[in-house]
Amino acid sequence: MSGQVVSLGCRLNIAESEAISEFLADGPPTVVVNSCAVTAEAVRQSRRAVRRLRRENPDARLVVTGCAATIEQDAFAGMAEVDAVVPNADKLKPAIWRPREGGDLGVATEPSVNRLRPLPSRGSGTSHTRAFVPVQNGCDHACTFCIIPQGRGTSVSLATAAVIEAIARLEGVNEVVLTGVDVTSWGADLPGSPRLGDLVAAILHTFPALPRLRLSSLDGVEIDPLLFELITQEPRVMPHVHLSLQSGNDMVLKRMKRRHSRHDAIDLVQRMKARRPGIAIGADLIAGFPTETPEMHVDNVSIVRECSVVHGHVFPYSPRPGTPAARMPQVDPVLVRERAAEVRAEVARQRGDWLQSLLGTPAQVLAERDGTGHAGHFATYRVPEGTPVGRLVTVTPTRIFEGILE
């Protein structure tokens, strides 16, 4: 083993972990934990991963990077299992990962600033069936529950030419996923302030043979008119939109400092489905946000039905020190878990009905390593035995087994 990278959290972390793996090639045994800080539980999971990996790799150098390691640098540096901590702003600098004489990690020779670099070599995700291409990093918003801007900094965008270059280096990849912390803010810091729709259009124009382009989590209020048109009318843009909803109640949304209302979310989904009926909706939702009443929770459950959410990421709220929400009146943790379970149950009902509706309908599926694959709307299918990984194959499902269409 020369290097092992364990990635927690978002798709951007996954993409960056691919780059770190390349930096570690042919080096001494090194284990890297690319940590997450989106919730207090995510930080705990990062610490557990550190301890587990030290037990499994007693002789390797163990390095922690990512958002948790950046925000709580001293705490992770103080863990007996950790040899070094690399903040987010440094983790894509190749020199950081090259051991110096004596075996220590390299050190930054330039200031740690928040900027986005094209990933090295052939791009990101080449060991997987799809390629994650980071196009944006950081966030300029101040949601009261979120600590991530402290770990990622302000929003920065990768210029269109650099994105095109990164995709051009990919080989044999049938699906590209554009990732970032706040992807829909892409372009605001670039000359002329282009929008994400402009970037998507440029990619589709430059790579006419690319069969599938997918977008990671979107902020609905930032979906520009061209992006909306491409999502709802362009066959090569996957019919799968994951929205950063967070709540279905207007008062909670205000206390979160979100920029949309319940009506905005429902209206957006209705307009998308009117233009592209087969589009699948995903959403991030937080249960038990501070001050959430039973009536507010009912709104959180019902938004799942109103927006036909079939891919749900439901988080029980946990306070993050240093955020405004942590200072608000908290909901009892037992009640938070119960409410999260109710929201998840509603997502499961929506998803079950949706999967049933797909039976008997052919779908193009991208084969993965475990004998399954995902269709454009991101439902999971069983692919025929022997299908090469990364191959697009048509599957007509006749039953659902353990949530998989086959």
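The legends below describe close-up views of a predicted model.

**View 1. The largest nonpolar core and the surroundings of L243.** The largest nonpolar core holds 54 residues, among which L178, V200, I203, I231 and L243 touch the most other members. When neighbours within four places in sequence are set aside, L243 is in contact with S217, L218, G220, I223, L268, V269, I281, G282, A283 and D284. In soluble globular proteins, nonpolar side chains tend to be buried together.

View 2. Helix α10 spans residues 262-275 and contains M272. M272 counts as buried because its relative accessibility is 0%, under the 20% limit for that class. Not counting residues up to four places away in sequence, M272 touches I223, F228, I231, T232, V241 and I279.

View 3. The space in the second largest pocket amounts to about 360 Å³. Its lining comprises 19 residues, of which E41, R44, P316, Y317 and S318 are the closest to the pocket centre. Two or more lining residues come from each of α2 (40-56), β12 (309-316) and α12 (333-358). Helix α2 provides the largest share of the lining, with four residues. By residue class, the lining of this pocket divides into 11 nonpolar, five polar and three charged residues.

**View 4. The salt bridge between E16 and R152.** Across the whole structure, 25 salt bridges are found. In one of them, the side chains of E16 and R152 meet with an N to O distance of 2.8 Å. The pair links distant parts of the chain, with E16 in helix α1 (residues 11-24) and R152 in helix α5 (residues 148-152), 136 residues apart. E16 and R152 are both buried. Side chains of opposite charge can pair when their charged atoms come close.

View 5. R47 forms a salt bridge with E72, in which the closest N and O atoms are 2.6 Å apart. This pair connects distant parts of the chain: R47 belongs to helix α2, E72 to the loop between α3 (67-71) and α4 (73-77), and 25 residues separate them. R47 counts as partly exposed because its relative accessibility is 21%, which falls between the limits of 20% and 50%. A further salt bridge joins R54 and D83, whose closest N and O atoms are 2.8 Å apart. Here too distant parts of the chain are linked, with R54 in helix α2 and D83 in the loop between α4 and β4 (84-85), 29 residues apart. R54 is buried, its relative accessible area being 16%, whereas D83 is partly exposed at 42% relative accessibility. Elsewhere, salt bridges with shared partners join R130, E175, R212, R214 and E368 into one network.

**View 6. N137 in strand β6.** Strand β6 covers residues 136-137 and includes N137. N137 is buried because its relative accessible area is 7%, under the 20% limit. In sequence, N137 and G352 are 215 residues apart, and in space their C-alpha atoms are separated by 34 Å.

View 7. Most residues other than glycine have a negative phi, and most peptide bonds are trans. S308 has a positive phi, near 50 degrees. The loop between α11 (294-306) and β12 holds S308, which is partly exposed at 26% relative accessibility. E402 likewise has a positive phi, near 55 degrees. E402 lies in the loop between β17 (400-401) and β18 (404-405). With a relative accessibility of 70%, E402 counts as exposed, that class being defined as over 50%.

Key:
Residues are numbered from 1 along each chain as its sequence is written. This is a predicted model: local features need pLDDT of at least 70, side-chain atom pairs count only at pLDDT 80 or more; totals for chains, interfaces and linings use all residues. Side-chain values use heavy atoms; hydrogens and water are left out. A nonpolar core is a set of buried Ala, Val, Leu, Ile, Met, Phe, Trp, Tyr and Cys residues joined through side-chain atoms within 4.5 Å. Buried means under 20% relative accessible area, exposed over 50%, partly exposed in between (1.4 Å probe, protein chains only). Contact means heavy atoms within 4.5 Å. On a 1 Å grid over the protein atoms alone, a cavity is a set of points where a 1.4 Å probe fits but cannot get out, and a pocket is an open set with protein on both sides within 12 Å along at least five of seven lines; lining residues have an atom within 4 Å of a point. Grid points are joined across faces, edges and corners, and a volume is the space filled by probe spheres set on the points. Ala, Val, Leu, Ile, Met, Phe, Trp, Tyr, Cys and Pro count as nonpolar, Asp, Glu, Lys and Arg as charged, and the others, Gly among them, as polar. A salt bridge is a side-chain nitrogen of Lys or Arg within 4 Å of a carboxyl oxygen of Asp or Glu.
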